[in-house]
Amino acid sequence: MKRLIRKLVTILLLVWLLPGMLAVFVRMAGFNFLPSIEWTSKTNDLSIAAGLLPAAFLSWVAWKAMDVTPLGDGKAAIAMFSAPIFAYLLGKNLFAVALPMTLAMVAGHQVELSFTVAHADRWGDSKCPTPVELEGLPFLFDTICRVRDDVRMSLLPGKPAVVTGRGTSLGLFAESLSP
């Protein structure tokens, strides 16, 4: 019976975190998805709870496993302490990002959303050499990549910018940015 409950909880945890992982993979693949400011502010409390549940569960599992798992060279200790952090981020993405991203994929149309510019003058990395960072969005989903330099130079921190792309009022896949 204990084994069955453990398997069910593991399956539930994976199903809970899978949409958050898919949202991160979509971002890593180079797609610029931005949830709307309105959506992220409305679902902030729910997103935090959705992140805390799997983080608390994995913390409990790590605490129970400390008695039977030797921490040895430190790899197990790092995994035990970092797993709840990753679970929190993925669980939080469930409502803040994965739900509007799924709706944008399924029922998206051409839409414009307004955001506030945080930084437009920073240099990025090899995957995102010309980024524009936006305020008030979740970690990993607050940057638009591949923005032309002339557009970046016309954007000022704290000023609004209009992002156009395929999506809904809850979020969009960014195609263009204008001041």
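Helices (H or I, at least four residues) and strands (E, at least two) are DSSP runs, numbered from the N terminus. The model is predicted, so local features need pLDDT of at least 70 and side-chain atom pairs count only at pLDDT 80 or more, while totals for chains, interfaces and linings use all residues. Residues are numbered from 1 along each chain as its sequence is written, and side-chain values use heavy atoms, with hydrogens and water left out.

**Exercise 1. Work through the salt bridges.**

Task: how many salt bridges does a search of the whole structure find, and how do K42 and E38 lie in helix 2?

Step 1. A salt bridge is a side-chain nitrogen of Lys or Arg within 4 Å of a carboxyl oxygen of Asp or Glu. The search finds four.

Step 2. One of them joins K42 to E38, with 3.3 Å between the closest N and O atoms. Both residues lie in helix 2 (residues 37–42), four residues apart, which is about one turn of the helix. K42 is exposed at 64%, and E38 is exposed at 51%.

Step 3. Another joins the side chains of R148 and D150 at 3.0 Å, N to O. R148 has a relative accessible area of 55% and is exposed.

Step 4. D149 and R152 also form a salt bridge, their closest N and O atoms being 3.3 Å apart. These two are three residues apart in helix 5, so about one helical turn separates them. D149 is partly exposed at 38%, whereas R152 is buried at 1%.

**Exercise 2. Find the ring under R152.**

Task: which ring does the charged end of R152 sit over?

Step 1. A charge sits over a ring if NZ of Lys or CZ of Arg is within 6 Å of the ring centre and within 35 degrees of the ring normal.

Step 2. The ring is that of W123, and the charged end of R152 is 5.1 Å from its centre.

**Exercise 3. Classify the pair F31 and F173.**

Task: count the aromatic pairs, then decide whether F31 and F173 are stacked, tilted or edge-to-face.

Step 1. Rings of Phe, Tyr and Trp (its six-membered ring) pair if their centres lie within 6.5 Å; planes under 30 degrees apart count as stacked, over 60 as edge-to-face and the rest as tilted. The count comes to two aromatic pairs.

Step 2. The centres of the F31 and F173 rings are 6.5 Å apart and their planes stand at 85°, so the pair is edge-to-face.

Step 3. F31 lies in the loop between helix 1 (2–28) and strand 1 (33–35), and F173 in strand 6 (residues 171–178), so the pair ties together parts 142 residues apart in sequence.

Step 4. F31 is partly exposed at 49%, while F173 is buried at 15%. F31, F33 and F173 form one aromatic cluster.

**Exercise 4. Describe the disulfide.**

Task: which residues does the disulfide join, and are C128 and C145 buried or exposed?

Step 1. A disulfide is a pair of cysteine sulfur atoms within 2.5 Å. The whole structure has one.

Step 2. The disulfide joins C128 to C145, with an S to S distance of 2.1 Å. The angle about the S-S bond is -110°, and the link of C128 and C145 is left-handed.

Step 3. C128 is in the loop between strand 2 (109–119) and strand 3, and C145 in the loop between strand 4 and helix 5, 17 residues apart. Both C128 and C145 are buried.

Note on methods. Buried means under 20% relative accessible area, exposed over 50%, partly exposed in between (1.4 Å probe, protein chains only).
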